[in-house]
Amino acid sequence: IAYSFGIFASLAIYAMVKKYYSETAAFIASLLFFTSPAVIERLGQTMVDISLTYFFLLGVIVLLKYVDERNEHKRTALVILLSILIGTAISVKLTGALAGGALFIGMALSWLLYRQKFNANKVKHILTFGLLTLLFISPWLVRGYIYTGNPVYPQAYEVFGGKYIDSSLTQLYANYHGYIGLERNLLNALLVHWNITFNSRAFDSTVGLTPFFLMALPLILFFYRNITDMRKWAIIFVVSTVILIVLFWEQPAIRYMLPGIALLSASTAIIIDAIMRHNKLLKAALFTLLIASLIFNAAMWYGFNAKNVRYFLTGETQGDYYDKLKNPSTYGASSWINANTTPDSAVMLVNDPRGYFLDRKYIISSPYQSYIDYYGMNGTADLLKRLKELGVSYILINDKESPINNKDSFNTYSHSLKGGKYVDELLRSFLEEHAQLMYDKDKIRVYRILAAAA
């Protein structure tokens with residue numbers, strides 16, 4: 001699915017840039033995005049950021065259509081469509097709200113750049129956009145409120161509260177995100193394009209962007225006269241930069257930045273095309289660098305995704321596919337649980353939230369929530385009592401990617417408990433005293449709780 005949305009997003013970029021600029025710019029933009037190392041790394045992962053990016057890009061296309069439209073009824077219809085698309089993006093993931101806010105800034109910027117008066121129609125567009133987007137996502141907000149008492153759980157605890165979290169746990173979560181990114185200051189924020197290109201590991205990613213993305217801002221100062229529609233370029237670039245800078249400050253993981261990266265691909269490609277059309281010497285140099293970059297990125301793409309492609313081409317089994325993945329997978333352990341436990345068994349997942357392979361009821365053990373209140377426990381007996389209350393009879397633990405007893409690096413279980421101990425120490429003691437190892441492959445383990453609830 002991630003591959004499909006990656007292709008759809010690339011096609012959306014192509015369609016948007018071709019309509020307003022050139023086919024060459026569109027081709028370069030789609031390739032810059034699809035072969036960007038940060039995107040390559042995410043295509044083979046079960047995360048929804050790439051699908052959010054696709055719906056966001058459809059919203060950008062509608063926004064640019066809105067900019068050109070002069071018929072007021074059609075403009076209102078486009079605002080309605082934009083609301084639906086952004087509502088869909090937010091329904092995919094709450095971070096889509098930032099993308100929606102950035103698009104609203106793009107809409108307001110279009111009024112300024114195209115010298116449109118702020119009148120009753122603009123007020124109607126603002127209200128339509130805000131209310132319809134809210135209406136479209138309301139089922140998810142209501143669902144969150146019913147289950148947790150917080151419509152945007154676990155965000156905005158200070159406003160709404162919520163089950164199984166408190167101020168200290170939300171602070172722990174904020175501290176965890178504080179480890180991602182660089183020091184929050186104005187200079188680093190303004191250099192966000194440079195930072196996510198050359199300091200990608202600080203942004204929770206093995207790889208970042210291709211250096212071509214750094215061309216957008218400095219070269220526009222020299223070649224803006226060569227761009228067909230500078231105002232639309234400005235809208236695209238500003239919306240992209242708003243997303244990147246805000247996320248740099250709040251949640252600076254590169255995967256959250258994919259919508260901004262997608263638009264940065266478009267704005268960069270438009271500049272490259274403008275230069276190539278008006279300067280033969282620079283055209284040759286840029287063309288050579290672009291081909292070299294694409295070849296390098298294609299090799300990286302193969303390295304990240306060749307196993308996935310072979311899965312579709314050769315028809316290998318699902319188990320064979322997951323066994324070959326570099327990242328640890330819970331598929332084998334989950335398959336063992338499905339085959340060797342009773343249908344009423346319940347599983348607690350530790351250090352890995354991926355329960356979608358299980359045919360059994362499962363809960364996710366998170367130190368950032370008090371559903372299993374580690375911080376209120378005095379020992380393994382308290383943990384055993386809580387698991388019995390929940391009916392948990394098995395524990396699936398991923399001890400490869402981030403070992404829970406590794407004190408040399410930060411992980412989600414290295415938080416202190418009463419008496420100066422840690423969550424991971426409690427879990428280790430519990431496994432030694434109350435559990436039996438049933439499955440162990442590549443440090444993905446399954447334990448049976450010896451005194452579990454029937």
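# Briefing: helices, cores and salt bridges

K441 sits in strand β4, which covers residues 435-441; helices and strands here are DSSP runs numbered from the N terminus (H or I and at least four residues for helices, E and at least two for strands). What you have here is a predicted model, in which local features need pLDDT of at least 70, side-chain atom pairs count only at pLDDT 80 or more, and totals for chains, interfaces and linings use all residues. Numbering runs from 1 along each chain as its sequence is written, and side-chain values use heavy atoms, with hydrogens and water left out.

**The overall picture**

- The protein has 19 helices and five strands.
- It has 454 residues, and 51% of them count as buried; buried means under 20% relative accessible area, exposed means over 50%, and partly exposed is in between, using a 1.4 Å probe and protein chains only.
- Among contacts with a separation of 6 or more, 67% are between residues 24 or more positions apart (a contact is heavy atoms within 4.5 Å).
- The accessible surface is about 21,800 Å², and carbon and sulfur atoms account for 61% of that; areas come from the Shrake-Rupley method with a 1.4 Å probe, and for residues only the protein chains shown count as cover.

**Back to K441**

- K441 is partly exposed, at 43% relative accessible area.

**Nonpolar cores**

- As a rule, nonpolar side chains in soluble globular proteins tend to be buried together.
- A nonpolar core here is a set of buried Ala, Val, Leu, Ile, Met, Phe, Trp, Tyr and Cys residues joined through side-chain atoms within 4.5 Å.
- The largest one has 89 residues, and V17 and F56 have the most contacts inside it.
- Helix α14 (residues 258-278) gives this core its largest share, 13 residues.
- Skipping residues up to four places away in sequence, V17 touches S22, A25, A26, A29, A266 and I270.
- Another core, of 23 residues, lies apart from that one, and I363, L384, I397 and F430 are among its members.

- L78 lies in helix α5, residues 72-92, and counts as buried at 13% relative accessibility.
- Beyond its neighbours within four places in sequence, L78 is in contact with V62, K65, Y66 and E69.
- I80, L81, I84 and F136 make a nonpolar surface patch of about 300 Å²; patches take residues with over 30% relative accessible area and no salt bridge, joining like charges within 9 Å and nonpolar side chains (Val, Leu, Ile, Met, Phe, Trp, Tyr) within 5 Å.
- The largest share of that patch, three residues, comes from α5.

**Salt bridges**

- Side chains of opposite charge can pair when their charged atoms come close.
- The structure holds 10 salt bridges, each a side-chain nitrogen of Lys or Arg within 4 Å of a carboxyl oxygen of Asp or Glu.
- D49, in helix α4 (residues 49-68), is buried at 4% relative accessibility.
- Its side chain meets that of K93 in a salt bridge at 2.9 Å, N to O.
- That pair links distant parts of the chain, with K93 in the loop between α5 and α6 (96-113), 44 residues from D49.
- R255 and D49 also meet in a salt bridge through their side chains, at 3.3 Å, N to O.
- R255 lies in the loop between α13 (230-250) and α14 and D49 is in helix α4, so this pair ties together parts 206 residues apart in sequence.
- Both R255 and D49 are buried.
- E72 and K124 form a salt bridge between their side chains at 3.8 Å, N to O.
- This one links E72 in helix α5 with K124 in helix α7, 52 residues apart.
- E72 is partly exposed at 21% relative accessible area, and K124 is partly exposed at 36%.
- Through shared partners, salt bridges join D49, K93 and R255 into one network.

**A buried loop residue**

- N150 is in the loop between α7 (120-148) and α8 (157-160), and is buried with a relative accessible area of 0%.
- The N150 side chain reaches the backbone oxygen of G161 at 2.8 Å.
- Setting aside neighbours within four places in sequence, N150 has contacts that include Y145, Q155, F160 and G162.

How values were computed. A polar contact is a pair of N or O atoms within 3.5 Å; within protein, one must be able to donate a hydrogen and the other to accept it, and residues adjacent in sequence count only if both atoms are side-chain atoms.
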